[in-house]
Amino acid sequence: MNAPFRIHAPVVTPVARDRIAWHPRGAVAVGEHGRILFRGDERDLPEELQALPELRGGDVLLPGLIDTHVHLPQFDCRGKFGTTLLEWLDRFIYPEEIRFAQEEVARDTARRFYRGLISAGTTTAMVYGSVHERATDIAFEEADRAGLRILLGNVLMDRNAPADLLLPAGEALDASERLIEAWHRRTPLLSYVISPRFAPTSSPELLRGAAELAERYDTYIQTHLNESDSEIARVRELFPENAHYTDVYREAGLLTPKSVFGHNIHTDDAQLSMLAAHDCAVAHCPDSNLFLGSGRFPIEPHEQHGIRVGLGSDVAAGTTLSMLHVMRTMSYVQGRSLHPFLPIHTGTLGGAEALRLANEIGSLDAGKSADMISVHVERKFCRGKSLQELSDVEIASVIVYRTAETAVRRVWVGGTELTD
Ligand SMILES: [Zn+2]
């Protein structure tokens, strides 16, 4: 059902890192422009909203899930095992990305990728394309058709990768500029992201040019940072003048409030302070980190520095697009079970904050866009409790720790229901 409507169902939405709102007998009303008019207990639904078309459901309503780091061209490479980061790129990922020179591959993969996001309940994603201008153009066309909220960019590489994936810096930046002109903010759901893959495959001119382009067009920036020891060692060899990996991006002008850095596992106080001083965000990708054995993400130091952190699937080093699964692995990578409010927040409102979209999405609050999902949760609870009898901690724990990847039933973006 598309907006306007009111839906009567259990509702969970984040309020802060350590707080959720839980309405076991809840309701959400969505106006004709796809904005949330009301969220709360159904008995408090204002009388004037009771005339809206009604939908009743037993599945739990949540904000749409937000994936802040995912690679579209790697969709068919999930689960390629047995290596660490740099070897995995050479053996599996670069050969796959070369295929995106073919339009049919780009089209077919983009369609299946977006269908995969919808069935996983991901309503917003920040996405790396391939290096091919036409493939990224197609990825935008298909994002528009899918109705998802997509932030996307053509990947930039001008050295240290197979020749078929490299372009001289000037040509690569010109291609990005054409894509920005065609797609950046073309609809309220689409944005461009300047996407140098990472420092090891970028010349200093490419990094500087990327930063200039982002500033000129007010786009997002995404790249990788401090993911593995061998990657960091390579950056040290390639950029011996810089104090550390983060400093390479600082010097190029890539540290901005609209920059999102993937991983940042092997970091330190100086680098965190630098990221915080430039108000940068970090995409934490725990499933990928477990898969490649990259290490344990330092949650508390990021928190202490006040750095905005979202969650990323990082497909295909991540094995699934399911952010429900990624919420669970956020806990497992820490070697302890986190309080479930934190993964719920990081996969929704935290992601929205990382993308500077928290005024628009990330929680089910009046005034925000109705980006929303319904999730089927297990019905057999301890000591015979019903769903409505669960506490806020219990329902959050069921969602994070006991909900299957296939549990997403319905998905709306801006009040429009999407089908996969
Ligand atoms: Zn990545």
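The buried residues of H2 are covered by elements including strand E7 (122-128), helix H3 (133-146), helix H11 (323-332), strand E16 (408-413) and strand E17 (416-418). Helices (H or I, at least four residues) and strands (E, at least two) are DSSP runs, numbered from the N terminus. The model is predicted; local features need pLDDT of at least 70, side-chain atom pairs count only at pLDDT 80 or more, and totals for chains, interfaces and linings use all residues. Residues are numbered from 1 along each chain as its sequence is written.

H2 has 18 residues and reaches 26 Å from its first C-alpha to its last. The expected span is close to this, at 26 Å (1.5 Å times one less than the number of residues). Its buried residues are Ala106, Thr109, Ala110, Phe113, Tyr114, Leu117, Ile118 and Ala120. Buried means 20 or more other C-beta atoms within 10 Å, with C-beta atoms placed from the backbone. Glycine 121 follows H2, with a positive phi near 85 degrees.

The largest nonpolar core has 132 residues. Such a core is a set of buried Ala, Val, Leu, Ile, Met, Phe, Trp, Tyr and Cys residues joined through C-beta atoms within 7 Å. H2 (residues 103-120) gives the most to this core, with seven residues. Leu148 is among the residues with the most contacts inside the core. Beyond four places in sequence, leucine 148 touches Tyr114, Leu117, Ile118, Thr123, Ala125, Ala143, Leu189 and Val413 (contact: C-beta atoms, placed from the backbone, within 7 Å).

Technical notes
A residue is buried if 20 or more other C-beta atoms lie within 10 Å of its own, exposed if 12 or fewer, and partly exposed in between; C-beta atoms are placed from the backbone. Two residues are in contact if their C-beta atoms, placed from the backbone, lie within 7 Å.
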